[in-house]
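Please open the model in your viewer and keep the sequence beside it. This tour goes from one selection to the next and says what is found at each stop.

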Amino acid sequence: MKKVWLASLILALFFVSCGTKRGSVMKSPQGKSQGTITSSTGRTGTTSGNRGTSVSGLSYIEKYKGIAIEEMNKYGIPASIKLAQAILESGNGNSDLATRANNHFGIKCGGTWSGRSVTKSDDNPNDCFRVYDNPEQSFRDHSQFLLRKRYEKLFQLSKNDYKGWARGLKDAGYATNPRYPQLLIDLIERYNLQQYDIPERKTEVVARAEKVDQIIEKKAEVEPPVPVEEIKKPVAMKIYEVKASDTLTAIATKNNLTVAALKEMNGLTGDAVSVGQLLVVSK
């Protein structure tokens, strides 16, 4: 009789234990809750803190993070900032300027630019934009674009101060959108781009800033004055942030686009969008 009672007790404890395990939430090593998501293809995976990331965005980062890090080590521009600006302004490399002119930062002709160019409507009907031989050339020219007096103070910041750089770019007049700093910061933290930034000691910051100052001064000596309007707004893309009630069709209609065009511009393969996701909605 005792054996039967003991066996029943063990069996009951076994079922209670199983039920408890099924009802628990799986925790990540950091103690954060994780859930599972099922894609439209039926595949499952774990959710993460990268809200609104996309395959095209991740592929873009993988493709260009090397040159972003290289330029950071040379001039001190955080790799995270360069990648976030490129993602934002080229729509993960799918914008008209990026595909037609290899221009991933929407930089206009201006200054001493003597290379090829293309015209398109922006502030004016026929604004002039730079054409590059390849995307890498665009990334390098972006660094050169920032090496001028109006951005001088930014180079006194550490290479891992992406928030300072995001706010400083707006203060220096790089973009007119008041939310530009937050858009960059959101992209950086969404894709964890800060992992590519390298912290510096104060002495290293000072030494690098002095070298950059010399480059800026030399450029100022040989370059003719550039009219403010030609360099005021290199950001040419119109960006839309997805809201809770949005659908791809509604976003396309609101911006006078077809769904097919919107998907092509943003490298989307399906109709699903995420709250907070950034979409290019103009060419």
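Begin by selecting Arg150, which counts as partly exposed because its relative accessibility is 29% (buried means under 20% relative accessible area, exposed over 50%, partly exposed in between, with a 1.4 Å probe and protein chains only). This is a predicted model, in which local features need pLDDT of at least 70 and side-chain atom pairs count only at pLDDT 80 or more, while totals for chains, interfaces and linings use all residues. Residues are numbered from 1 along each chain as its sequence is written, and side-chain values use heavy atoms, with hydrogens and water left out.

Arg150 is found in the loop between helix 5 (135-146) and helix 6 (162-171), where helices are DSSP runs of H or I with at least four residues, numbered from the N terminus.

Next, select Lys149 and Glu152, whose side chains meet in a salt bridge at 3.2 Å, N to O (a side-chain nitrogen of Lys or Arg within 4 Å of a carboxyl oxygen of Asp or Glu). Lys149 is partly exposed at 45%, whereas Glu152 is buried at 17%.

Then move to Glu200 and Arg208, which form a salt bridge at 2.9 Å, N to O; Glu200 is buried at 17%, and Arg208 is buried at 9%.

Finally, select helix 3 (residues 79-90), where 12 of its 12 residues are buried, and stop at Gly91, which follows helix 3 and has a positive phi, near 60°.

Technical notes
Helices (H or I, at least four residues) and strands (E, at least two) are DSSP runs, numbered from the N terminus. The expected span of a helix is 1.5 Å times one less than its number of residues.
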